[in-house]
Structure formats: C-alpha cells, structure tokens
Amino acid sequence: MQVSTAVAVITTTVVAIGAALSVTMSGDRTSQIDNFQQIVFLRQIEHGQNTIFGGCPLERELVVERSGRVRINWYVQSSIIHGCARAINPTADQIGEKEWREPKIASIELALSRSKINQLVGQLNRLSWAIEWSDPENLRSAHAIGCAAADWSPLTPDRQLWVVKSDTLAETLAADEDEVEATAACIAKESSNAAMLDDAFAPFAPLLPDKYELRPEVASRLDRER
C-alpha cells in the first residue's frame with residue numbers, strides 16, 4: 001500500500017468520526033475535554049507472535065462514547081514505507097469503511113459507569129498538550145507542550161488520541177518519542193504522556209484479545225515468519 005493511500009485512509013477515518021456526530025456544541029476553546037462526545041485511542045501493541053500476525057504490531061482501537069459505551073477492536077497490520085498500517089487489500093479500487101475494517105481480528109464491547117467516565121476524563125485532562133479545537137477535516141497532531149514536531153516521524157505513532165467534542169470541534173494528540181524534536185525534555189514529556197494514556201485506559205482495555213479470527217485473505221497480506 002502506498003503512503004499516500006494510507007494517509008488518505010487515516011484522514012478519512014478522522015473525518016468520519018466527526019461527521020458521525022449530530023450534536024453541535026458551543027464554541028468551547030478550553031483545554032479540557034469534559035464535554036466530549038467521543039474519544040478514540042489508537043495504540044500499537046507488540047504481540048510477539050510473528051508467525052501468526054506478522055512483523056508489525058497489532059493496532060488496538062478504543063472508541064469511548066459519552067454514554068459510557070466502549071468498543072475495542074484489534075487489527076492486523078502490514079509493512080509499508082516508513083512503518084506499518086492496517087493490512088487492507090492493496091489492490092482495492094477504493095478504500096471505504098468496509099475495506100478499512102476488513103483487517104479486524106477481534107472486537108469486544110463494554111459499558112463504563114458515569115464515575116468511570118469521569119475518572120477517565122480526569123486522567124486525560126492531566127496530559128501535557130495544548131488543545132486547539134478545530135474542524136475534523138483540518139486536524140494536525142498536537143504534541144507535548146513546548147515541543148515541536150520532528151523533521152521526520154513514523155506514519156503511525158505508537159499512541160494517538162482523538163477527542164471529538166462535536167461535528168465541528170476535534171483535536172488529536174500523538175504520543176511517540178520519534179514524533180518530536182530529540183531533546184531530553186521533549187522525549188521525557190512524550191514518555192510521560194504515553195504512560196498516562198496507558199494508565200487511563202488500562203483498567204478496562206486489555207492489550208491483546210482473548211480470541212481472534214484471522215481470515216486467510218487478510219493473513220496473506222502479512223509479513224509472517226516461516
């Protein structure tokens with residue numbers, strides 16, 4: 001899969017997150033996320049099972065709705081230039097929602113209580129990032145406060161957080177040491193953000209699925225050890 005295709009797909013997914021929401025909030029420009037509509041957290045998960053899932057990590061996707069509904073999906077990934085991306089069909093004429101979801105190997109759903117939601121929001125509000133709410137179509141990944149983006153960074157960061165407040169307001173945080181300028185202070189801030197993200201979602205989000213289904217046509221796209 002070409003880099004341009006992967007970027008287009010990721011961008012389309014971000015836009016879809018905002019477009020799927022019908023509630024329009026007021027023009028809140030604060031750095032707090034209390035009145036979120038949806039939170040999406042993507043995490044690259046090392047699996048240690050290269051003969052099954054290939055050399056790329058799994059992508060774990062958490063989608064938290066304000067109602068407390070949580071969906072957790074796991075996707076296999078394949079190698080592309082500058083990293084890994086979901087193992088979609090590289091010969092597909094177009095990439096839509098169906099193609100983007102095809103590499104999913106496991107999924108679970110659960111519900112969080114209001115107190116658990118408040119606890120999650122409280123932890124995320126302690127992250128080091130200056131939120132600048134913008135249109136989902138024009139999102140740029142934020143980084144730790146005071147840290148500029150690196151000249152070169154991986155296509156898919158280790159951790160990426162999307163917070164959607166409405167169909168017109170969203171922001172995204174990339175937490176990855178390779179995403180920022182290589183100073184000790186910025187690397188420490190990125191590491192701190194990564195740890196806080198993991199701690200916030202760990203109580204209800206397992207790293208790996210208990211069971212999975214890997215379809216043969218998807219498995220054929222993986223860089224598996226023989």
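Colleague: Which residues have the most contacts inside the largest nonpolar core?

Modeller: In this predicted model, the largest nonpolar core has 41 residues, and those with the most contacts inside it are Val-76, Leu-124, Leu-161 and Phe-201. Leaving aside residues up to four places away in sequence, Val-76 touches Phe-53, Leu-58, Arg-86, Ala-87, Pro-103, Ile-105, Leu-214, Val-218 and Leu-222. Another core, of seven residues, lies apart from the largest one; among its members are Leu-42, Val-63, Trp-162 and Val-164.

Colleague: What is known in general about nonpolar side chains in soluble globular proteins?

Modeller: They tend to be buried together. As for the protein shown here, 46% of its 226 residues count as buried. The protein exposes about 11,100 Å², of which carbon and sulfur atoms supply 49%.

Colleague: How many helices and strands make up the secondary structure?

Modeller: There are six helices and eight strands. Along the sequence they follow the pattern α-β-α-β-β-β-β-α-β-α-β-β-α-α. Among contacts between residues at least 6 apart in sequence, 71% join residues at least 24 apart.

Colleague: Why are the buried residues of helix H4 said to line one face of the helix?

Modeller: The buried residues of H4 (residues 114–124) are Ile-117, Leu-120, Val-121, Gln-123 and Leu-124. Seen down the axis of H4, the buried residues fall within an arc of 160°, and therefore they line one face of the helix. The cover over these buried residues includes strand S1 (38–45), strand S2 (58–65), strand S7 (159–164) and helix H5 (184–201).

Colleague: What makes the rings of Phe-53 and Tyr-212 an edge-to-face pair?

Modeller: The count of aromatic pairs comes to three. For Phe-53 and Tyr-212, the ring centres are 4.9 Å apart and the planes stand at 70°. Rings pair if their centres lie within 6.5 Å, and planes over 60 degrees apart count as edge-to-face; the pair is therefore edge-to-face. This pair links distant parts of the chain: Phe-53 is in helix H2 (residues 50–53), whereas Tyr-212 is in the loop between H5 and helix H6 (216–219), 159 residues apart.

Colleague: Why does Phe-53 count as buried, and why is Tyr-212 called partly exposed?

Modeller: Buried means under 20% relative accessible area, exposed means over 50%, and partly exposed lies in between. Phe-53 has 3% relative accessibility and therefore counts as buried. Tyr-212 has a relative accessible area of 39%, so Tyr-212 is partly exposed.

Colleague: What kind of aromatic pair do Phe-201 and Phe-204 form?

Modeller: Phe-201 and Phe-204 form an edge-to-face pair, with 6.0 Å centre to centre and 70° between the planes. Both Phe-201 and Phe-204 are buried. Ring pairs link Phe-41, Phe-201 and Phe-204 into a cluster.

Colleague: How do you know that the charged end of Arg-86 sits over the ring of Tyr-75?

Modeller: One requirement is that CZ of Arg is within 6 Å of the ring centre, and the charged end of Arg-86 sits 3.6 Å from the centre of the Tyr-75 ring. Likewise, Arg-66 lies over the face of Phe-36, at 5.6 Å from the ring centre.

Colleague: Why does Trp-133 count as buried?

Modeller: The cut-off for buried is under 20% relative accessible area; Trp-133 has 3% relative accessibility and therefore counts as buried. Trp-133 is placed in the loop between H4 and S7. In sequence, Trp-133 and Ala-170 are 37 residues apart, yet in space they are 5.2 Å apart, C-alpha to C-alpha.

Methods
Residues numbered from 1 in each chain as written. Predicted model: local features only at pLDDT ≥ 70, side-chain atom pairs only at ≥ 80, totals over all residues. Heavy atoms only, no water. Core = buried A, V, L, I, M, F, W, Y, C linked by side-chain atoms within 4.5 Å. Buried < 20%, exposed > 50% of the residue type's maximum accessible area, 1.4 Å probe, protein only. Contact = heavy atoms within 4.5 Å. Helix = DSSP H or I, 4+ residues; strand = E, 2+ residues; numbered from the N terminus. Arc of directions from axis to C-beta. Areas by Shrake-Rupley, 256 points an atom, 1.4 Å probe, with all protein chains shown as cover. Phe/Tyr/Trp six-rings, centres within 6.5 Å; stacked < 30°, edge-to-face > 60°. Lys NZ or Arg CZ within 6 Å of the ring centre and 35° of its normal.
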